[in-house]
Amino acid sequence: MRKKRKLSRGVALVGAGMSQFGMFRDRDSKDLFLEAFRAMTASVDKGLDPADIDAFYLGNYSNDFFVRQSHWGAILSDTLGLVPRPATRTEGACASSALAFREGVFAIASGFYDAVLVGGVEDMSKGATEVVAEGLGMAAIPYEREVGFTFPGVFGTIATAYFDKFGASREHLMNVTIKSHDNAARNPKAQLSATLEEVMAAKKKRAESKGRRLPDWSDPKAFLRDTRANPVVAWPIHLFDCCPISDGACCLLLVGEELARNFTDDPLYVAGIGQASGRGLHASEDLTTFEATRYAAREAFDMAGIAADDVQFAEVHDCFSIAELLHIEDLGFFPAGQGYKAVEEGQTRLDGSKPINTSGGLKCKGHPVGATGAAQIFEVWTQLRGDAGERQVPGHPRLGAAQNLGGTGGTSTVTVLERR
Amino acid sequence: MGSRCLACQAVFVPPRSLCPRCDSSTMEWERMEGRGKLVAFTCIAIGTPAMLKLGYGRENPYCTGVVELEENARVVARIQGVDTRNPGAISVGMPLQVDFLREEGDSGSRTVLAFKPLPEG
């Protein structure tokens with residue numbers, strides 16, 4: 001019998017901020033992190049005195065490799081003026097800052113600290129694409145890299161297994177991509193903040209200005225089917241199934257539940273957290289599901305005392321379009337093999353029954369890997385507080401979730417936030 | 001080669017020295033026959049640096065996949081002898097046989113686990 005887990009002290013989220021996501025030639029980890037920290041500080045309704053921060057947890061996957069500098073926890077701590085308070089860095093590939101969040105929650109729940117800064121940062125765009133790919137590849141399983149697997153290749157393999165088992169096709173992946181662009185177009189912080197219609201119009205305009213033949217795409221799917229506009233990366237994964245290379249940072253402020261009202265009259269509470277590990281492609285008995293996501297979801301939902309249906313919207317880890325389909329099924333939002341149909345029916349759109357990746361997801365908001373887990377929680381914060389503007393989930397939602405994946409399924413986390 | 005757990009009989013490729021199912025460390029080498037079927041695959045156009053050096057790329061993608069062996073273990077491998085420019089014609093479930101490759105890697109010549117379609121009949 002699995003133990004039902006609970007926090008011995010409640011934890012509240014009282015501040016959140018993120019930097020612009022994008023590729024910035026002239027801005028490094030410090031610049032981006034300061035932008036996120038300032039945004040977080042400004043978000044604390046009753047003000048934050050940085051002297052109140054007891055400790056700092058930072059998720060960063062691999063600035064060691066991307067910019068040849070380790071130890072960003074302490075370095076950023078100094079940048080923010082937090083010295084001599086402790087800084088701890090967590091690494092769980094693309095789930096690095098979800099792990100930082102979890103450690104921050106535990107630190108407060110234990111009673112050891114009252115206020116903890118949780119952050120995430122990644123600075124990926126300074127090297128060549130091959131260098132970035134090599135850096136990301138370091139999170140894959142060595143045995144799988146040996147035969148030539150890349151990250152898109154792993155997710156392409158998962159896609160062929162999913163297609164074969166459930167009768168889905170590339171057309172269904174396109175529905176995910178189209179929705180991500182539509183949502184990101186309403187997110188001013190997103191890296192790719194244009195609908196596919198706008199992307200098509202820009203490409204037509206460029207062809208016209210260069211005197212090239214005008215492409216004749218009739219709609220976004222025709223555009224996505226055109227392999228010149230949307231070339232294959234690792235079949236069936238094409239360019240527009242993939243998240244971009246991104247720089248960005250995010251900051252969150254956690255405090256003990258009984259202290260929350262000192263910071264805001266509108267706090268959110270950590271209702272459930274779950275984390276699990278998974279195995280590689282070859283050792284997985286079923287490639288159409290992430291064991292770690294299913295386990296983490298059960299743990300988080302049990303802790304929150306809710307069922308999957310109670311979650312009103314979610315951010316899920318769509319590093320590649322196929323991953324979104326697996327995760328919405330593994331989270332229990334839709335039965336196995338039904339996720340692609342739900343997306344096709346519009347159930348995951350902003351006005352659907354279960355809006356998914358309202359931020360535009362990793363695909364369009366951007367995926368600075370170490371910042372992503374925290375940035376997903378930032379979107380849940382923004383939605384639950386009713387601050388999402390044009391992309392606001394209707395009906396003043398009360399419960400939202402974030403799911404963050406590390407590597408090719410080696411780590412998965414689920415966080416449920418609640419507005420009481 | 002793989003390993004078999006003498007306590008619970010589970011087979012692992014690549015070999016493990018500790019059985020993740022029953023925690024036994026009593027393992028025995030087990031030779032695979034080298035036949036199986038394709039469980040899932042991809043044709044990679046943007047490859048790893050090592051594969052790009054070997055001449056693979058957009059015009060010449062390579063296929064990798066998951067193969068389920070007759071011995072009931074799964075491996076990842078290169079898939080040879082399929083048309084990587086027409087991946088729609090590669091079918092999940094197709095029978096395969098082992099076809100080791102010798103390839104130049106970053107640290108010299110190495111053997112890569114590969115499979116090719118099993119000839120009919």
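This report covers confidence, the A–B interface and the domains of chain B in a predicted model.

## Model and confidence

Residues are numbered from 1 along each chain as its sequence is written, and chains are lettered from A, with ligands numbered from 1, in the order in which they are written. In this predicted model, local features need pLDDT of at least 70, side-chain atom pairs count only at pLDDT 80 or more, and totals for chains, interfaces and linings use all residues.

Chain B has a mean pLDDT of 93 (the predictor's confidence in each residue, from 0 to 100). In that chain, 99% of residues reach 70 or more. For the complex, the predictor gives an ipTM of 0.95 and a pTM of 0.97.

## Where chain A meets chain B

The interface pairs 26 residues of chain A with 26 residues of chain B. Contact means that C-beta atoms, placed from the backbone, lie within 7 Å. On the chain A side, α7(A) gives the most, with eight residues. That side divides into 13 nonpolar, eight polar and five charged residues. Nonpolar covers Ala, Val, Leu, Ile, Met, Phe, Trp, Tyr, Cys and Pro; charged covers Asp, Glu, Lys and Arg; the others, Gly among them, are polar.

## A strand pair across the chains

β5(A) and β4(B), residues 35-44, run antiparallel and are joined by two bridges. Strands pair if DSSP finds at least two bridges between them. Helices (H or I, at least four residues) and strands (E, at least two) are DSSP runs, numbered from the N terminus. A:W235 stands opposite B:C43.

## Domains of chain B

Chain B splits into domain 1 (1-31) and domain 2 (33-117), with bounds from an automatic or database domain assignment. Their C-alpha centres lie 25 Å apart. Four residues of domain 1 contact five of domain 2.

Key:
Two residues are in contact if their C-beta atoms, placed from the backbone, lie within 7 Å.
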